[in-house]
Amino acid sequence: MKLISLGVVLLSLSTFSLADTLPFNLSIKGNKIDVNKSLELSDFGEGITQINFDFKSKDGKKYSFDLKYKKLASNRSYPVNLDVTLKDEQGNKLGYLFLANNGVQALKRLGVFGLIVDVNGKPVDVKFTFDDRKKGELRVADLGNERFVQDTLVPKFNFQMIRPVIIPAVESGKRSITYKLDSHPYAINYTLLDIENGNVEFQHNLYSKQGEKTKLLERIYFKANSLDTLREAMYAGKYFDKENGTFKLVFYPAMGQTQPPKM
C-alpha cells in the first residue's frame with residue numbers, strides 16, 4: 001500500500017511540473033530570415049528557462065537568439081521576467097525585450113506578443129505565440145478613458161519623457177497618438193487596433209523621421225482580450241542605434257487604474 005501511495009504522489013508531482021511547462025511557437029521573419037520553431041518554456045525553477053540558438057538568413061548572414069526566464073527581486077512588482085536578445089554575428093545587439101510577468105500562465109493569457117526591429121534597413125519580426133485562438137470582448141471603442149504611461153529614455157541625448165497617455169480615436173477600430181522626441185529626428189507612437197476574436201492589438205512604435213519620410217525602427221506589440229490582460233502587460237524594450245546609442249521604450253499601465261464601478 002505504501003508503494004502505491006508513493007507512486008500516486010510521484011505521479012501528482014510529475015503532473016504538476018508538466019502543467020508549469022507550456023509549448024509555444026517562435027517565429028523570426030524578415031530581411032531574408034525565416035525561422036520557425038516549436039519550443040517549450042517552464043516557470044522559473046521548473047525546467048526549461050533558457051533557450052539559445054544561432055541561425056542564418058538566406059543570404060548567409062549569421063544571427064543569434066537568446067532567451068532567459070529570470071527571477072526578479074522580491075521588491076519588484078512582478079516575480080519573473082522574460083529576457084530576449086537578438087544579436088548579429090559580431091555580437092552586436094539588434095533588439096532586446098524585457099517582459100515582466102506573473103509566470104508562464106500569464107504569457108499564455110497574453111497569447112501573442114513580439115518585437116519588430118530594424119536589421120540592416122529592413123524589419124525583422126520576433127514573434128511569440130503561446131495562444132493564437134483566445135477570444136474576448138475587448139474593443140478599441142471601449143478604451144477612451146484607459147491611461148497608459150509613455151516612458152522613453154535616450155541616454156546620449158540626455159533625454160527622458162514620462163507622461164500618462166489617453167490614446168485618441170483616429171478612425172473606427174483604431175486609436176493612435178505620436179510624440180516627437182523634442183528636436184531629435186525620432187518619434188514614439190502608441191496604437192490600438194481592433195483585431196479578430198474580440199481582441200485588441202497594442203503597438204509601441206519607435207520611428208525615425210527624415211524630412212517627410214518616416215521609418216519604423218522598433219515595435220513592441222501584444223494582443224489583449226480583456227482589460228485585465230491589457231493592464232497586466234509591463235515591459236522595457238531597447239533599440240540599438242549605431243550613431244545615437246540605446247533607445248529604451250518602457251510600458252506599464254497607470255498605477256492604481258481600476259475598472260469603473262458597476263451601476
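Among the contacts in the protein with a separation of 6 or more, 46% link residues 24 or more positions apart; a contact here means heavy atoms within 4.5 Å. The model is a predicted one, in which local features need pLDDT of at least 70 and side-chain atom pairs count only at pLDDT 80 or more, while totals for chains, interfaces and linings use all residues. Residues are numbered from 1 along each chain as its sequence is written, and side-chain values use heavy atoms, with hydrogens and water left out.

The protein holds 3 helices and 17 strands, taken as DSSP runs numbered from the N terminus (helices H or I, at least four residues; strands E, at least two). Of its 263 residues, 50% count as buried, where buried means under 20% relative accessible area, exposed over 50% and partly exposed in between, with a 1.4 Å probe and protein chains only. The accessible surface comes to about 14,200 Å², and carbon and sulfur atoms supply 51% of that area; the areas come from the Shrake-Rupley method with a 1.4 Å probe, and for residues only the protein chains shown count as cover.

The loop between β12 (174-180) and β13 (186-195) contains His184, which is partly exposed at 23% relative accessibility. His184 and Ser208 are 24 residues apart in sequence, yet 9.0 Å apart in space, C-alpha to C-alpha.

Another open sheet is built from 8 strands, again with antiparallel pairing, in the order β3-β4-β5-β6-β16-β17-β9-β10. Its edge strands, β3 (50-56) and β10 (159-166), have a single partner strand each, so one side of each lacks a neighbour in the sheet. Strands β6 (residues 93-101) and β16 (residues 234-241) pair in the antiparallel sense over 6 bridges, and Leu99 has Tyr235 as its bridge partner in β16. Thr85 sits in strand β5 (residues 80-88) and is buried, with a relative accessible area of 7%. Beyond its neighbours within four places in sequence, Thr85 is in contact with Ser64, Phe65, Asp66, Lys93, Gly95 and Tyr96.

Methods: Two strands pair if DSSP finds at least two bridges between them.
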